[in-house]
Amino acid sequence: MLISFESNSEYTEAKMELKNLKTDEITNLKYEVSQEAGKFKTNVYQEGKLVNTTTSEYNPIKPGETSKILRNESETNVSANGVIRALTTLYNWDGVTFITGSCIKYKHPDYTTYDGYDYEDFYINGNTLTHHHINKYDSGTIAALAPVAAGAAVGYLVGNMVGAVAGGILGTFLTGKTSQALLDEQDCIWYWKS
């Protein structure tokens, strides 16, 4: 898929074209952003029709906002003497060994159990889901995009063109809470497919 994204210099309007390079199918999304009471209201249009309106703490069409949102979610558990405490627990979910605990941004498959490295793409087949890992370099590239373009990129990986359109729309919802579905403590993105 090719994502083409353009915005004006004030980041109040943007256009995104999603092109499936295999079928040449093209979907166009348009974003209009206004600032109201310190928040950003975003109208999303697909092929000229209003399909979504959201309000957020950040401008979803401004490049670099995704990275700031994701980095703000990074939590460290530091003791009074400055030592980082890392308490983790392994558990089984969907037939896959997951890790959780301090210094783990969100629950995901355990790197060590599966000999997974942050610099590689890989997946793990569970009982119901396939658990996908995007390497830190591609994850960093996605995080540098405007939130709506980041949503389209991850959406494409999850569900091809339909997923890209949904991700381009849902990218306006990216917040500190939902960003946990993106970068982990290794600056990598995980996603799940059924």
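# Salt bridges, strands and a pocket

User: What makes Lys136 and Asp118 a salt bridge?
Analyst: In this predicted model, the closest N and O atoms of Lys136 and Asp118 are 3.4 Å apart. The cut-off is a Lys or Arg side-chain nitrogen within 4 Å of an Asp or Glu carboxyl oxygen, so the pair counts. The two residues come from distant parts of the chain, 18 residues apart. Lys136 is in helix 2 (residues 136-143), and Asp118 is in the loop between strand 8 (108-109) and strand 9 (122-125).

User: Is Asp118 called buried or exposed, and why?
Analyst: Buried. Its relative accessible area is 17%, and buried means under 20%. Lys136 has 30%. That value lies between 20% and 50%, so Lys136 is partly exposed.

User: How do you know that Asp24 and Lys19 form a salt bridge?
Analyst: The closest N and O atoms of Asp24 and Lys19 are 4.0 Å apart. The rule asks for within 4 Å, so the pair is counted. Lys19 has a relative accessible area of 24%, which makes Lys19 partly exposed.

User: How many salt bridges does the structure hold?
Analyst: Three.

User: How do you know that strand 6 and strand 7 pair?
Analyst: Six bridges join strand 6 (residues 88-93) to strand 7 (residues 96-101). Pairing needs at least two, so the two strands qualify. They run antiparallel. Leu90 has Ile99 as its bridge partner, and Thr88 stands opposite Gly101.

User: What makes strand 7 and strand 8 a pair?
Analyst: Two bridges, in the antiparallel sense. The threshold is at least two, so the pair meets the definition. Phe98 has Pro109 in strand 8 as its bridge partner. This hairpin has six residues between the strands, and Cys103 takes a positive phi near 70°.

User: Why are strand 6 and strand 8 called edge strands?
Analyst: The open sheet of three strands has the order 6-7-8. Strand 6 and strand 8 each pair on one side only.

User: Why does His132 count as buried?
Analyst: The relative accessibility of His132 is 16%. Buried means under 20%, so the label applies. His132 is in strand 10 (residues 130-134). Leaving out residues up to four places away in sequence, His132 touches Phe122, Tyr123, Ile189, Trp190, Tyr191 and Lys193.

User: Which residues line the second largest pocket?
Analyst: The lining is Asp121, Phe122, Tyr123, His132, His133, Ile134, Asp138, Ile142, Ala153, Tyr156, Leu157 and Tyr191. Strand 9, strand 10, helix 2 and helix 3 (147-170) each give two or more residues. The pocket has a volume of about 190 Å³.

User: How does the lining of the second largest pocket divide, and what are the counts?
Analyst: Eight nonpolar, two polar and two charged. Tyr counts as nonpolar and Asp as charged.

Methods. Residues are numbered from 1 along each chain as its sequence is written. This is a predicted model: local features need pLDDT of at least 70, side-chain atom pairs count only at pLDDT 80 or more; totals for chains, interfaces and linings use all residues. Side-chain values use heavy atoms; hydrogens and water are left out. Helices (H or I, at least four residues) and strands (E, at least two) are DSSP runs, numbered from the N terminus. Buried means under 20% relative accessible area, exposed over 50%, partly exposed in between (1.4 Å probe, protein chains only). Contact means heavy atoms within 4.5 Å. On a 1 Å grid over the protein atoms alone, a cavity is a set of points where a 1.4 Å probe fits but cannot get out, and a pocket is an open set with protein on both sides within 12 Å along at least five of seven lines; lining residues have an atom within 4 Å of a point. Grid points are joined across faces, edges and corners, and a volume is the space filled by probe spheres set on the points.
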